[in-house]
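Hello,

Here is the structure I said I would pass on. Please open it first, then read the notes below.

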Amino acid sequence: MRERLNDRQALLRFGLLLALAAMLALAGCGGGNTPNAANDAPPPANETTEPADTEPVDPPAVDPPQFVAPLTGLPQDEEPKQRPIAVMVNNFAAARPQSGLPNADVVWEVLAEGGITRLVAVFQSTPSTSPIGPIRSNRPYLIRIGEAYRAVLAHAGASTDAYDLLQHHGKPYLDEISNAGAYFYRESFRKAPHNLYSNLEKLRAGAAKKGYDETVDIPAYSWSEAGATAGGTDASEVELHFLLKDYVVSYTYDPAAKLYARFINGKPHTDLESKAQLTAANLVVLGAKHRTYDDYGRLEIDLESGGPAVLIQLGKAVDCAWVRGADGVIRLMKDGQELPFVPGHTFYHIVPLTPTFESHLKLGAAGSATSQQP
């Protein structure tokens, strides 16, 4: 009996040994999970790993500006509703540097008596409450400039003909002398009449007190980043003459900023408060008939009949013509098409047609201005 038990135990041990040997053989042949050298070797150099399937990622969309300032073409955060204000600004030497001109959307320079010029600064898009001035008197052709923008006119006094237009033809105006003195003030650092100022906050309050419309249909203009002068004449340097030999306006183009910097008699024309030099993206020169009609030297300037013009932007200039549109707005036309402005501020200059329109303007590449040719 004992011998039979020992035989079974021997058979069991032999079976266990056979099983263990089989397991070791399988592991040695790679049948298990143990890694070997072949499995660890990197793939050949000419084999590439296929990338995972992914969709291309588009760049984030840039939304166009919701609102654009009507007189500059520049984006702004709020809808441009406010009525423009056109201020008659003194440009006599004793009045310079003036205040507030960098905030004007549009500036017009036009002759007044004695060969000096006056500026019409049109404000619409700016919220600035900085001083504006010195402010001077009005003339019929200055009224015509301001009313084309549906603007409230701000001034101090006027010629007899201008008062007739203002008082008997329903023009919206704020005159320091006759109807709105409380909305202007005088500074002590300059002598009268070169010391009268206001600001947009005061002028808008005055317009509201008078019951003038706070919103109007503001003229629309054509805008293009590329401008309209690509094939034009070199105009990195611009020089303008009105009547007086000792008064010369010039501009130098800055290609980095895409702006023209303004000079008077070779010196930067600056803002009194900020000390910044005046700049513009667009320069316009218009030729119009001028006539002196009294002994004081007051002028009639024909801003209705149209005439020659030059548009200057992005370092180039093109000849064109100005016309008064049915909406009362002066437009620049060439080959039957209206020329677009580069977004930014615009300076207009009205010069006589005598002796010739071209005699008032010189253009050239940087460092060399030459006479403008038609």
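**Salt bridges**

Arginine 331 and glutamate 338 form a salt bridge through their side chains, with N and O 3.3 Å apart. Keep in mind that this is a predicted model. Arginine 331 counts as buried because its relative accessibility is 12%, and the cut-off for buried is under 20%. Glutamate 338, at 31%, is partly exposed. Elsewhere, salt bridges with shared partners connect Arg144, Glu147, Lys171, Glu304 and Arg324 in one network.

The structure has 13 salt bridges. One of them joins glutamate 176 to arginine 186, at 3.8 Å from N to O. These two residues lie 10 apart and link distant parts of the chain: glutamate 176 sits in the loop between strand 7 and strand 8, and arginine 186 in strand 8 itself. Arginine 186 is partly exposed, at 43% relative accessibility.

Another salt bridge is between arginine 291 and glutamate 300, whose closest N and O atoms are 2.9 Å apart. Arginine 291 is partly exposed at 46%, and glutamate 300 is partly exposed at 39%.

Strand 6 covers residues 152-155. Val152 and Ala154 point to one side of the strand, Leu153 and His155 to the other, and all are buried.

Which strands pair with strand 6? Strand 3 (residues 85-90) runs parallel to strand 6 and is joined to it by three bridges. Strand 7 (residues 173-175) also pairs with strand 6 in parallel, over three bridges. Alanine 154 is the bridge partner of valine 87 and stands opposite leucine 174 in strand 7. Together with helix 4 (residues 160-168), strands 6 and 7 form a right-handed β-α-β unit.

Regards

Methods: Residues numbered from 1 in each chain as written. Predicted model: local features only at pLDDT ≥ 70, side-chain atom pairs only at ≥ 80, totals over all residues. Heavy atoms only, no water. Buried < 20%, exposed > 50% of the residue type's maximum accessible area, 1.4 Å probe, protein only. Helix = DSSP H or I, 4+ residues; strand = E, 2+ residues; numbered from the N terminus. Pairing = 2+ DSSP bridges. Right-handed = clockwise from strand over helix to strand, strands pointing away. Salt bridge = Lys/Arg side-chain N within 4 Å of Asp/Glu carboxyl O.
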